[in-house]
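Here's a structure to walk through together.

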Amino acid sequence: MSQFFEIHPVNPQGRLIKQAAQIIHGGGVVAVPTDSCYALVCHLDDKAAVERLRRIRGIDEKHHLALLCRDLSEIGVYARVDNKQFRLLKAATPGPFTFILEATREVPRRLSHPSRKTIGLRVPETPIVEALMAELGQPLISSTLILPDETEPLNDPEEINARIGKQLDLVIDGGACSMEMTTVVDLTGAEPELVRLGRGDPAMVGL
């Protein structure tokens, strides 16, 4: 059975953040609130945790997982970003956007799209997730918390705990989130392409 932490959404308790980071560092899969909806996260370098996350979601390796980054400089480590792309990213981050970019060699092969060598990246504007990444000192692997054969993300931490708590190591209750997923924008072509309309306003990236 997973642990259940009530963490303040604006002023996260340092003690609980440290414990949550230890769980992630130890290979845990954790449900966290974000600036769009709840997500599952795990450690960047833990292959077994990533595979568990995919099993819980019911998705295969062709499905993009997002890399949650602390800032634009961290995005630059994991994706190739030219000046035009950088300006678009700067306008829309932090916020509820996921950007598909060409992956660098720093991205583990299992995380990039197998045929396109691309990666989904985002900089969330969520104090709990920001504090977790600061404590870990690196990005988090993330996927929207939608269960197999369902179309709506789970939004209530109590429901998340009741339905899939046994499959997780920790559920973080940071209050209810939006039911809207991130807006997904593909920046690998000559012009930005809207892949999925979500909470982020596409006008922020000229769409």
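Is strand β3 largely enclosed by the rest of the structure or exposed, and why? Bear in mind that this is a predicted model. Strand β3 covers residues 39-43, and five of its five residues are buried, so the strand is largely enclosed by the rest of the structure. Buried here means under 20% relative accessible area.

Now for the partners of β3. Strand β2 (residues 30-32) runs antiparallel to β3, and three bridges join the two. They form a hairpin, with six residues between β2 and β3. Strand β8 (residues 140-144) also pairs with β3, again antiparallel, through five bridges.

Zooming out, the protein chain holds six helices and 11 strands. Of its 207 residues, 55% count as buried. Take contacts between residues at least 6 apart in sequence: 65% of them join residues at least 24 apart. The radius of gyration is 16 Å, which agrees with the value near 17 Å that a compact globule of 207 residues would have. Along the principal axes, the C-alpha atoms fill a box of roughly 45 × 35 × 30 Å.

Last, the surface and the charges. The protein chain exposes about 9,700 Å², with carbon and sulfur atoms supplying 48% of that area. There are 23 positive and 28 negative side chains, and the centres of these two sets lie 6 Å apart.

Notes
Residues numbered from 1 in each chain as written. Predicted model: local features only at pLDDT ≥ 70, side-chain atom pairs only at ≥ 80, totals over all residues. Heavy atoms only, no water. Helix = DSSP H or I, 4+ residues; strand = E, 2+ residues; numbered from the N terminus. Rg over C-alpha atoms; globule rule 2.2 N^0.38 Å. Buried < 20%, exposed > 50% of the residue type's maximum accessible area, 1.4 Å probe, protein only. Contact = heavy atoms within 4.5 Å. Areas by Shrake-Rupley, 256 points an atom, 1.4 Å probe, with all protein chains shown as cover. Lys, Arg positive; Asp, Glu negative; His and termini not counted. Charge placed at Lys NZ, Arg CZ, Asp CG, Glu CD. Pairing = 2+ DSSP bridges.
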